[in-house]
Amino acid sequence: MKILVAVISGWLVLLTMSIGLAQEVGSTSGEQAPGTLQDQVKDQVQEIGQKLDKNPQVQEISTGILQPIYQLAEYIKIPAFYWVAFAVMVAGVISFAFQLVLGKFFLLFKGSLNIKEILSDGLGLVISLVGLVLTTQAATQNSDFPKSPAAVVSAAIVGALFGLLFYWWGQSQEFRAARRVVDRVIEKPHTMR
């Protein structure tokens with residue numbers, strides 16, 4: 001039951017955020033009329049969110065989710081952690097960005113493009129970008145890491161190098177998988193229709 005409430009709460013938060021984004025887009029284009037379905041849904045979602053915020057079970061679940069994260073954050077609150085976290089996020093951004101742009105471009109010329117891989121790489125890029133922003137924000141608030149240009153530049157360089165390495169590795173994996181598919185098609189042309 002607690003897990004279900006947490007999942008529903010998460011979906012409501014996402015729904016509220018997407019409605020807010022849609023409202024911003026609609027309000028900038030001047031097309032939003034008062035009393036629209038969008039307004040009604042937004043009001044209902046906010047009402048549900050407020051009820052969930054006051055629910056002791058939901059508060060307990062929220063505390064149960066966040067408490068171990070806070071404890072871990074306090075335990076690893078050392079300057080080297082922010083350096084490593086920044087480097088890892090840079091590596092993810094570089095790797096996934098190159099995979100999405102160059103890797104898929106080369107695969108397109110080989111005649112093998114996998115939509116699942118595109119979605120997976122896109123999600124990885126978004127997660128890495130969000131992680132990079134949050135890591136930088138946390139480091140700014142909790143450490144001296146961002147105040148040291150040498151630390152920031154060295155973490156960015158190490159992250160970029162690892163990002164390129166992971167891009168190369170991921171691209172070679174995708175090329176091998178594409179080659180296997182082509183080889184299977186060539187070996188068994190009579191089974192295709």
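Helices here are DSSP runs of at least four residues, numbered from the N terminus. Keep that in mind as you read the labels below. The model on your screen is predicted.

**Stop 1: the whole chain**

Show the protein chain as a cartoon. Which pattern does the protein chain follow along the sequence? The chain reads α-α-α-α-α-α. That comes to 6 helices and 0 strands. The chain has 193 residues, and buried residues make up 23% of them.

**Stop 2: colour by confidence**

The mean over the protein chain is 79. A value of 70 or more is reached by 75% of the residues. Which element has the lowest mean pLDDT, and which the highest? Helix α1, residues 2-29, has the lowest mean, 50. Helix α5 has the highest, 89.

Select residues 21-25 next. Here pLDDT stays under 50. For this stretch the model has 5 contacts beyond four places in sequence.

**Stop 3**

Side chains of opposite charge can pair when their charged atoms come close. How many salt bridges does a search of the whole structure find? The search finds 4.

Begin with Lys51 and Glu47. They form a salt bridge, with the closest N and O atoms 3.4 Å apart. Both residues sit in helix α2, residues 37-54. They are 4 residues apart, which is about one turn of the helix.

Is Lys51 buried or exposed? Lys51 counts as exposed because its relative accessibility is 55%, and the cut-off for exposed is over 50%. Glu47 has a relative accessible area of 43%, so Glu47 is partly exposed.

**Stop 4: Lys104 and its partners**

Select Lys104 and Asp121. Their side chains meet in a salt bridge, 2.5 Å from N to O. This pair links distant parts of the chain. Lys104 is in helix α4, residues 79-110, and Asp121 is in helix α5, residues 115-142. The two residues are 17 residues apart.

Look at the three residues together. Lys104, Asp121 and Glu174 are linked in a network of salt bridges.

Are these residues buried or exposed? The cut-off for buried is under 20% relative accessible area. Lys104 counts as buried because its relative accessibility is 6%. Asp121 is buried too, with 5%. Glu174 counts as buried at 10%.

**Stop 5: around the network**

Keep Asp121 selected and show its contacts. Leave aside its neighbours within four places in sequence. Asp121 is then in contact with Phe96, Gln99, Leu100, Lys104 and Glu174.

Move to Gln99, which is found in helix α4. Gln99 counts as buried, at 5% relative accessibility. Which residues touch Gln99, apart from neighbours within four places in sequence? Its contacts are Lys104, Asp121, Tyr167, Gly170, Gln171 and Glu174.

Now use the distance tool on Gln99 and Glu174. Their C-alpha atoms are separated by 9.7 Å. Along the chain, Gln99 and Glu174 are 75 residues apart.

**Stop 6: the largest pocket**

Rolling a probe the size of a water molecule over the atoms shows where empty space is left. The largest pocket holds about 290 Å³ of space.

Among the lining residues are Ile69, Tyr70, Leu72, Ala73 and Glu74. The lining also includes Ile76, Lys77, Phe81, Tyr82, Ala138 and Asn142.

Which helices each supply at least two residues of the lining? They are α3 (56-75), α4 and α5. Helix α3 gives the largest share, 5 residues.

Finish by colouring the lining by residue type. The lining of the largest pocket divides into 8 nonpolar, 1 polar and 2 charged residues.

Definitions and conventions:
Residues numbered from 1 in each chain as written. Predicted model: local features only at pLDDT ≥ 70, side-chain atom pairs only at ≥ 80, totals over all residues. Heavy atoms only, no water. Buried < 20%, exposed > 50% of the residue type's maximum accessible area, 1.4 Å probe, protein only. 1 Å grid on protein atoms, 1.4 Å probe; cavity = no way out; pocket = protein on both sides within 12 Å on 5 of 7 lines; lining within 4 Å. Points joined across faces, edges and corners; volume = space filled by probe spheres on them. Nonpolar A, V, L, I, M, F, W, Y, C, P; charged D, E, K, R; others polar. Contact = heavy atoms within 4.5 Å. pLDDT = per-residue confidence, 0-100.
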